[in-house]
Amino acid sequence: MMRTCKSRLILLTYSLKKELHLIFQDMHALLVLFVMPTVFILIMSLAMQNTLGTQQNQHHIKLLVIDQAASDASKKIVSALEEASFILNHHNLEIDKQAVVTALSATNTQVALIIQSNEANNLNLSLMTEPVVDSRTLALISQTIVGIQTRHLIEQLIDENTEALTNSQTLQTLLEEPLQSPQITYLFRTESAEPDTRPSSVQQSVPAWLIFSMFFILIPVANTFINEKNFGTLERLQSMELSTSLFLIGKIIPYFLINQIQIILMLAIGRFGVPLLGGQALEVNGPFEGLIVMGAVVSLAAISFALLISAFSKTTEMSTTTGGMINIVFGAIGGIMVPKFVMPEAMQSLTQISPMAWGLEGFLGIILHGQRIQTILPEILLLVTFAATCLLITILKLNKSYG
């Protein structure tokens with residue numbers, strides 16, 4: 001038994017050395033793994049900063065107005081908003097969250113202004129909004145509404161008693177106790193929607209493009225794997241009684257280490273590199289061990305997928321083309337290229353079939369929401385299951401071909 005274990009260890013060590021030698025011969029593929037995510041993180045973090053930071057400006061803000069008061073005062077507020085270049089859609093419905101969500105979707109609007117009157121015939125104004133609307137846009141809407149109310153109140157005072165304006169008790173109260181901003185209620189289109197926080201541009205870009213680049217470990221894996229198949233290396237290893245499992249472990253370990261280096265460097269670029277170019281620094285709200293676990297399972301999923309594609313491909317061109325196309329689809333529907341929270345509800349459901357989406361959800365859970373490993377366990381289990389399935393199919397294929 002000891003001799004068998006020692007023999008396997010020697011074979012595994014030989015396999016690792018061989019793999020590392022082949023990896024460092026393919027420096028162009030290695031550069032892709034590090035240069036591509038670096039460029040994407042820097043460009044997208046800066047390009048999306050205005051999109052995720054200050055989403056809209058005043059001249060493009062669309063409001064769904066639900067005027068239940070239907071008074072002269074409420075109509076003046078609505079008219080003033082139109083004069084201020086707000087784009088308004090009008091609805092008359094009962095204030096129910098689901099009804100408002102439906103109305104927002106029907107009018108392609110993200111913020112609803114609710115105008116109601118209380119028992120004293122004073123107006124109560126509130127906002128209902130989806131979490132994709134940034135805080136600065138909501139602040140702009142609130143400040144504009146408060147300004148309109150203040151102006152109308154002063155105009156009313158002037159109309160009522162111009163001469164006694166300076167002695168007006170109402171004006172004094174207004175100056176001492178300014179009007180309150182409208183209350184804001186957040187709406188969610190799906191039960192899985194996140195709380196009223198969303199990632200900054202760098203919090204979205206770093207994990208997204210990191211995961212995307214980790215899945216492109218496919219390029220060096222395919223290059224070495226298929227070259228070994230073409231030059232008969234697999235047959236020679238089989239003749240040395242190296243099992244398929246040990247052969248794959250010898251491939252997984254080096255690429256796993258490369259992925260971990262990717263993770264460290266990309267997090268460092270988000271934390272220190274992006275601010276040097278004027279962007280926001282990456283803030284991680286969750287535990288560091290969560291990042292380690294997520295990085296490990298995403299890496300295993302990416303490497304296992306690369307091995308699966310390579311096992312079924314006859315040429316490197318076939319593997320990189322097929323695997324590259326699948327990776328792009330995974331990225332497109334998985335919230336990598338377009339953040340999930342801006343997708344329509346149907347597309348948000350579709351993201352669940354992408355392993356990149358599972359990885360991104362897990363990373364965002366830690367980076368953005370400060371979640372612990374227990375909370376992101378569903379994403380971890382999905383990625384582990386995906387990796388195990390890919391490896392099992394790969395082993396069966398290799399045993400059939402070379403067993």
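This is a predicted model: local features need pLDDT of at least 70, side-chain atom pairs count only at pLDDT 80 or more; totals for chains, interfaces and linings use all residues.
A residue counts as buried when its relative accessible area is under 20%.

Seven aromatic pairs were found. One of them joins Phe215 and Phe305. The two rings are tilted, with 50 degrees between their planes and 6.3 Å from centre to centre. This pair links distant parts of the chain. Phe215 belongs to helix 8 (residues 201-215), Phe305 to helix 12 (residues 288-311), and 90 residues separate them. Phe215 has a relative accessible area of 0% and is therefore buried. Phe305 is buried too, at 5%.

Trp358 and Phe386 form an aromatic pair of the edge-to-face kind. Their planes stand 80 degrees apart, and the centres are separated by 6.2 Å. Here too, distant parts of the chain are linked. Trp358 lies in helix 15 and Phe386 in helix 16 (residues 377-402), 28 residues apart. Both Trp358 and Phe386 are buried. Together with Phe215, Phe305 and Phe330, these two residues make up one aromatic cluster.

Charged side chains were examined next. Opposite charges can pair when the charged atoms of the side chains come close. Across the whole structure, the search gave one salt bridge. Its partners are Lys340 and Glu361, at 3.7 Å from N to O. Lys340 sits in the loop between helix 13 (316-333) and helix 14 (345-350), whereas Glu361 is in helix 15 (residues 355-367). The pair spans 21 residues and links distant parts of the chain. Lys340 has a relative accessible area of 17%, so this residue is buried. Glu361 reaches 23% and is therefore partly exposed.

How values were computed:
Residues are numbered from 1 along each chain as its sequence is written. Side-chain values use heavy atoms; hydrogens and water are left out. A salt bridge is a side-chain nitrogen of Lys or Arg within 4 Å of a carboxyl oxygen of Asp or Glu. Helices (H or I, at least four residues) and strands (E, at least two) are DSSP runs, numbered from the N terminus. Buried means under 20% relative accessible area, exposed over 50%, partly exposed in between (1.4 Å probe, protein chains only). Rings of Phe, Tyr and Trp (its six-membered ring) pair if their centres lie within 6.5 Å; planes under 30 degrees apart count as stacked, over 60 as edge-to-face and the rest as tilted.
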